[in-house]
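Welcome! Take a moment to look over the model below, and then we will walk through it together.

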Amino acid sequence: MDAGEARGGHETRGAGQGRGGGGGRGPAGTRDGGESRGEPAVVDRLVDGQWAVLLVGDSQVERVVPRTALPAAAREGTWLKTEWDGERLVWAAVDEAATRQAQERIADKLARLRQRGRR
């Protein structure tokens, strides 16, 4: 994926990780030849249009990153695959499947709650 595609939607690299920035890895890694296995994160909220609060990993550690470090398609509730260098986000891609599953799970819960309210 080139830089234009990254800005347009589904993948981005953090500051200093542009084209030729050494961000790719071989088949045993997470990108450029292997399946992406980045750490899952969800966009919890956007603050002042400049910051994104992410809940990262199974323990949902809260991390604040610049909005510009995320793919353009990321919104509140969007699930991401991420890579970190300590506290610094170096790569993020929208996880379409996880986002869709979360949306479906929430819609199902709302439908059940509405049915329960009609009894």
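## A word before we start

Two strands are said to pair if DSSP finds at least two bridges between them. Please keep in mind that this is a predicted model.

## The overall layout

The protein's secondary structure consists of two helices and six strands. The protein has 119 residues, and 36% of them count as buried.

## Strands 3 and 4

Strand 3 covers residues 51-56 and strand 4 covers residues 61-66; the two pair in the antiparallel sense, over six bridges. To find your way across this pair, look for Val-53, which stands opposite Val-64 in strand 4.

What happens in the hairpin of strand 3 and strand 4? Four residues lie between the strands there, and Gly-57 takes a positive phi near 75°. Gln-60 is placed in the loop between strand 3 and strand 4 as well. Its phi is near 55°, a positive value in a residue other than glycine. With a relative accessibility of 43%, Gln-60 counts as partly exposed.

## Strands 5 and 6

Now move along to strand 5 (residues 79-85), which runs antiparallel to strand 6 and is joined to it by six bridges. Here Lys-81 stands opposite Ala-93 in strand 6. The hairpin of these strands has two residues between them, and Gly-86 takes a positive phi near 70°.

Is strand 6 mostly buried or exposed? Six of the seven residues of strand 6 (residues 88-94) are buried, so this strand is largely enclosed by the rest of the structure. Over in strand 5 you will find Thr-82, which is buried with a relative accessible area of 1%; buried here means under 20%. Thr-82 is twelve residues from Leu-70 in sequence, and their C-alpha atoms are 9.5 Å apart in space.

Asp-48 counts as exposed, at 69% relative accessibility.

## Salt bridges

Side chains of opposite charge can pair when their charged atoms come close. How many salt bridges are there? The count comes to four.

One of them is between Asp-44 and Arg-45, whose closest N and O atoms are 2.4 Å apart. Arg-45 also forms a salt bridge with Glu-62, where the closest N and O atoms are 3.8 Å apart. This second pair links distant parts of the chain, with Glu-62 in strand 4 and Arg-45 in strand 2, 17 residues apart. Through shared partners, salt bridges join Asp-44, Arg-45 and Glu-62 into one network.

Another salt bridge connects Asp-85 and Arg-88, with the closest N and O atoms 3.6 Å apart. Arg-88 counts as partly exposed, at 35% relative accessibility.

## Patches on the surface

Which residues form a positive surface patch? The patch is made by Arg-105, Lys-109, Arg-112, Arg-116 and Arg-119. Arg-119 is placed in the segment after helix 2 (96-117). With a relative accessible area of 83%, Arg-119 is exposed, the cut-off for this being over 50%.

There is also a nonpolar patch on the surface, formed by Ile-106, Leu-110 and Leu-113. Together these residues have about 270 Å² of accessible area. Leu-110 is found in helix 2, and it is partly exposed, with a relative accessible area of 40%.

Methods. Residues numbered from 1 in each chain as written. Predicted model: local features only at pLDDT ≥ 70, side-chain atom pairs only at ≥ 80, totals over all residues. Heavy atoms only, no water. Patch = residues over 30% accessible without salt bridge, like charges linked within 9 Å, V, L, I, M, F, W, Y side chains within 5 Å. Areas by Shrake-Rupley, 256 points an atom, 1.4 Å probe, with all protein chains shown as cover. Salt bridge = Lys/Arg side-chain N within 4 Å of Asp/Glu carboxyl O. Lys, Arg positive; Asp, Glu negative; His and termini not counted. Charge placed at Lys NZ, Arg CZ, Asp CG, Glu CD. Buried < 20%, exposed > 50% of the residue type's maximum accessible area, 1.4 Å probe, protein only.
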